[in-house]
Amino acid sequence: MPFDLHCHSRLSDGSMEIEDIVFWASAIGLSGIAVTDHDTMDGVERAEKAAKKGFEIIPGIELSCYDEKRRRKVHILCYYPIMTDELRSICDEMNLRRKTASEEMLQRVQKLYPISEQHVARIGGTSTVIYKPHIMQALMDMGYTSSIYGELYKILFDPQVGSCSCRPRYTDVYAALAAAHRAGAVVCLAHPGVYRSFELLEELCGKCLLDGVEYRYPRQKEGEAEILDRLINQFGLIPTAGTDFHGFYTPRTNPIGTCVASKTVIDRIKELKKSKEV
């Protein structure tokens, strides 16, 4: 009974509508998915309506955060959170900062290419804000590139040398964790190897601020599993798994269900959630 616990839809930076993700995940034999769009839970209800009997939707959110000590991004996965005023405020502020950065990026691109805001907005569709893949897809439509994550993407949006790159200020990871725990969420660190977060992971575990960690994910590198095994055993973390699915808005091919968690993991998440409600 496999579950993919990390899926993004068009409500954030995925290429597929949430209803299509639910259909596809069910069609390939998954028992359920977690809807974990960036800084929004708007897709959860839609996913629940689209799911047929026997297919489970796990409410979730991925908080876009920043590790001030090490000066790098970090993503926090929250399962079964209650969207409290505090958590909603954190998400609203993050999306407002992201919107400001996106508008600046689009203006910089418009100085180089005749691309319209309306065109990009149509591609963004139901997304909370415009993301870089939306701009790139508009450039593909116009024939300036044949791929989203090709050479033009590097020229425009590479974090170090991209001429149009503009990064928003991300939420402090400690503030996000505090809000998530007060919202009753089961809180996990996403893909620790992607942003080199192992030192932070151990720090947060030592302060009892994490319930779990994403143990299996597509971008995992050799040797990371051994580090995670040690920390999972030492701190009793829940080992989750997810594809970090974005559809074709990704430089790598990661079909949904590439990395999955077992029913045992789901049961542990639910048991912990229940204990937080007492």
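Trainee: Which residues are linked with Arg70 in a network of salt bridges?

Mentor: Good place to start, and keep in mind that this is a predicted model. Arg70 forms a salt bridge with Asp67, with the closest N and O atoms 3.0 Å apart, and both residues are buried. The network that holds Arg70 also links Asp67, Lys69, Glu199 and Glu203.

Trainee: How many residues apart in sequence are the parts that Glu56 and Lys270 tie together?

Mentor: The side chains of Glu56 and Lys270 meet in a salt bridge at 2.6 Å, N to O. Glu56 lies in strand 3 and Lys270 in helix 10 (residues 263-277), so the pair ties together parts that are 214 residues apart in sequence.

Trainee: Is Lys49 buried or exposed?

Mentor: Lys49 has a salt bridge of its own, to Glu45 (3.6 Å, N to O). The two lie in helix 2 (residues 42-50), 4 residues apart, about one turn of the helix. Exposed means over 50% relative accessible area. Because the relative accessibility of Lys49 is 67%, Lys49 counts as exposed.

Trainee: Let's turn to strands. Which residue in strand 6 is the bridge partner of Ile76?

Mentor: Strand 4 and strand 6 pair in the antiparallel sense over 4 bridges. Within strand 6 (residues 186-189), Val186 and Cys188 point one way, Val187 and Leu189 the other way, and all are buried. The bridge partner of Ile76 in strand 6 is Leu189.

Trainee: What handedness does the β-α-β unit with strand 6, helix 8 and strand 7 have?

Mentor: Strand 6 and strand 7 (residues 212-216) run parallel and are joined by 2 bridges. With helix 8 (residues 198-206), the two strands make a β-α-β unit that is right-handed.

Trainee: Which helix gives the most to the lining of the second largest pocket?

Mentor: The second largest pocket holds about 230 Å³ of space, and its lining divides into 5 nonpolar, 4 polar and 3 charged residues. Helix 3 and helix 4 (117-124) each supply at least two residues of that lining. The element that gives the most, with 6 residues, is helix 3.

Notes: Residues numbered from 1 in each chain as written. Predicted model: local features only at pLDDT ≥ 70, side-chain atom pairs only at ≥ 80, totals over all residues. Heavy atoms only, no water. 1 Å grid on protein atoms, 1.4 Å probe; cavity = no way out; pocket = protein on both sides within 12 Å on 5 of 7 lines; lining within 4 Å. Points joined across faces, edges and corners; volume = space filled by probe spheres on them. Nonpolar A, V, L, I, M, F, W, Y, C, P; charged D, E, K, R; others polar. Buried < 20%, exposed > 50% of the residue type's maximum accessible area, 1.4 Å probe, protein only. Pairing = 2+ DSSP bridges. Right-handed = clockwise from strand over helix to strand, strands pointing away. Salt bridge = Lys/Arg side-chain N within 4 Å of Asp/Glu carboxyl O.
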